[in-house]
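Here is a friendly briefing to read alongside the model. Please keep the viewer open as you go through the points.

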Amino acid sequence: MARRKSSGITSLSFNQDQGCFTCCLKTGLRVYNVEPLVEKAHYSKEELGEVSLCEMVFRTNWLLVVKARKPYSLLLLDDQQRAFKAEVVFKSPIRALRARKDKVAVVLTSSVQVLALPTFQRVALLRTPSSARPLCAIATEPNATQILAAPAHRTGSLQLLDVSSVHRDGGSSAPSVVRCHRSALVCVCVSGSGTRLATASARGTLVRLWDAVSRQLLHELRRGSDYADVYCISLSAQGGRAVCVSDKGTVHVWARGTHVAAARAPPDTRALCALTDDNSAVVVICEDGTFHKFTFAAEGNCHRSDFEYFLQVGDDDEFLQ
């Protein structure tokens with residue numbers, strides 16, 4: 001998710017277990033822990049310049065960074081040594097990043113390239129339409145089928161590729177294509193286990209949940225009747241729970257295909273959502289610099305249990321990673 005706001009935020013990104021997030025700024029980069037909410041890394045503009053994208057690799061010391069002044073270059077930053085360890089340059093600007101512990105998917109203008117970590121050797125390539133949103137999702141659990149999902153050339157369709165096999169020439173086998181929606185895709189998510197897939201289209205009225213192995217539709221999750229821009233979909237590790245947030249300022253939660261709860265988030269500011277480890281709460285981070293935690297019960301009751309301006313949260317040296 002990348003859009004500049006008056007807060008100075010250029011993009012936000014949760015890590016793979018959704019227990020941390022990065023905040024890219026015109027004035028540098030910050031890394032936060034979610035529970036408790038504390039700032040764990042802080043890079044100034046003098047150190048990094050303006051950062052447009054940053055992807056964590058779980059809770060390791062690796063940070064994948066794209067600078068605003070070097071949009072074609074992907075940098076591997078060692079947070080422990082506060083030094084860059086590797087760089088790879090592409091022929092088109094980097095639009096999005098999605099990582100697992102051993103690979104990173106790099107979304108470019110008309111392709112998604114998958115690189116091994118930390119060598120940056122290319123292991124897979126998917127051709128994508130240049131008109132599509134910079135969408136990409138990858139299964140992140142170590143033993144999961146390494147499903148990569150990205151837009152296909154047919155409107156509303158998604159291509160799925162197993163990137164577990166390394167090809168010497170950097171190529172890959174042919175992907176399978178799933179017709180998900182009639183209108184263009186705006187959001188896609190793969191569960192950490194690689195067994196479930198969630199999609200939303202430009203209509204934004206529903207989220208579709210798929211079996212990523214059989215490619216069969218499991219549930220249609222109703223978000224609302226009005227058109228909406230779905231900013232983010234997040235799934236629990238096994239895909240049993242789903243949460244989404246949209247420009248309507250609503251957060252919706254489903255369990256096993258049934259609507260569980262809804263909550264209000266700030267409207268008209270781009271946001272990301274994530275489920276907590278025990279699936280009892282949802283965390284929402286917004287590009288206006290606000291942090292929200294919503295706790296919900298099975299009967300549908302939901303309340304906001306935490307609120308912070310995370311840009312005002314300082315470092316906590318006593319926090320143990």
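## Strands, turns and a charged patch

P36 sits in the loop that links strand 3 (28-33) and strand 4 (38-44); strands (E, at least two residues) are DSSP runs, numbered from the N terminus, as are helices (H or I, at least four residues). The model is a predicted one, in which local features need pLDDT of at least 70 and side-chain atom pairs count only at pLDDT 80 or more, while totals for chains, interfaces and linings use all residues. Residues are numbered from 1 along each chain as its sequence is written, and side-chain values use heavy atoms, with hydrogens and water left out.

**Cis peptide bonds and positive phi**

- Most residues other than glycine have a negative phi, and most peptide bonds are trans.
- The bond joining E35 and P36 is a cis peptide bond, with omega about 0 degrees.
- A cis peptide bond also runs from L117 to P118, where omega is near 5 degrees. P118 belongs to the loop between strand 11 (111-116) and strand 12 (122-127).
- F120 is found in the loop between strand 11 and strand 12 too. F120 is not a glycine, yet its phi is positive, at about 65 degrees.
- Is F120 buried or exposed? F120 counts as buried because its relative accessibility is 8%; buried means under 20% relative accessible area, exposed means over 50%, and partly exposed lies in between (1.4 Å probe, protein chains only).
- Q18, in the loop between strand 1 (9-14) and strand 2 (20-25), is not a glycine either and has a positive phi of about 60 degrees. With 21% relative accessibility, Q18 counts as partly exposed.

**Around strand 7**

- Six of the six residues of strand 7 (residues 73-78) are buried, so strand 7 is largely enclosed by the rest of the structure.
- S73, L75 and L77 point one way from the strand, L74, L76 and D78 point the other way, and all are buried.
- Strand 6 (residues 62-67) pairs with strand 7 in the antiparallel sense over four bridges; two strands pair if DSSP finds at least two bridges between them. A hairpin of five residues joins strand 6 to strand 7.
- Strand 7 also pairs with strand 8 (residues 83-89), again antiparallel, over six bridges.
- Which residues does L75 face on its two neighbours? L75 is the bridge partner of V65, and L75 stands opposite E87 in strand 8.
- Four residues lie between strand 7 and strand 8 in their hairpin, and R82 in the turn has a positive phi of about 50 degrees.

**Around strand 19**

- In strand 19 (residues 206-211), six of the six residues are buried, so strand 19 is largely enclosed by the rest of the structure.
- Both faces of strand 19 are covered, with L206, R208 and W210 buried on one side and V207, L209 and D211 buried on the other.
- Strand 18 (residues 196-201) pairs with strand 19 in the antiparallel sense over five bridges, and T199 has R208 as its bridge partner in strand 19. The hairpin of strand 18 and strand 19 has four residues between the strands, with a positive phi of about 70 degrees at G204 in the turn.
- Strand 19 and strand 20 (residues 217-222) run antiparallel and are joined by five bridges. H219 in strand 20 is the bridge partner of L209.
- Five residues separate strand 19 and strand 20 in their hairpin, where R215 takes a positive phi near 65 degrees.

- Four strands make up an open sheet in the order 13-14-15-16, with antiparallel pairing. Strand 13 (137-138) and strand 16 (176-179) are the edge strands, and each pairs on one side only.
- Strand 15 and strand 16 run antiparallel and are joined by four bridges. Q159 stands opposite V177 in strand 16.

**The positive patch**

- R154, R179, R182, R203 and R222 form a positive surface patch.
- Patches are made of residues with over 30% relative accessible area and no salt bridge, with like charges joined within 9 Å and nonpolar side chains (Val, Leu, Ile, Met, Phe, Trp, Tyr) within 5 Å. Accessible areas come from the Shrake-Rupley method with a 1.4 Å probe, and for residues only the protein chains shown count as cover.
- A salt bridge is a side-chain nitrogen of Lys or Arg within 4 Å of a carboxyl oxygen of Asp or Glu. Lys and Arg count as positive and Asp and Glu as negative, while His and the chain ends are not counted; the place of a charge is NZ of Lys, CZ of Arg, CG of Asp or CD of Glu.
- R154 lies in the loop between strand 14 (147-151) and strand 15 (157-162), and R154 is exposed, with a relative accessible area of 54%.
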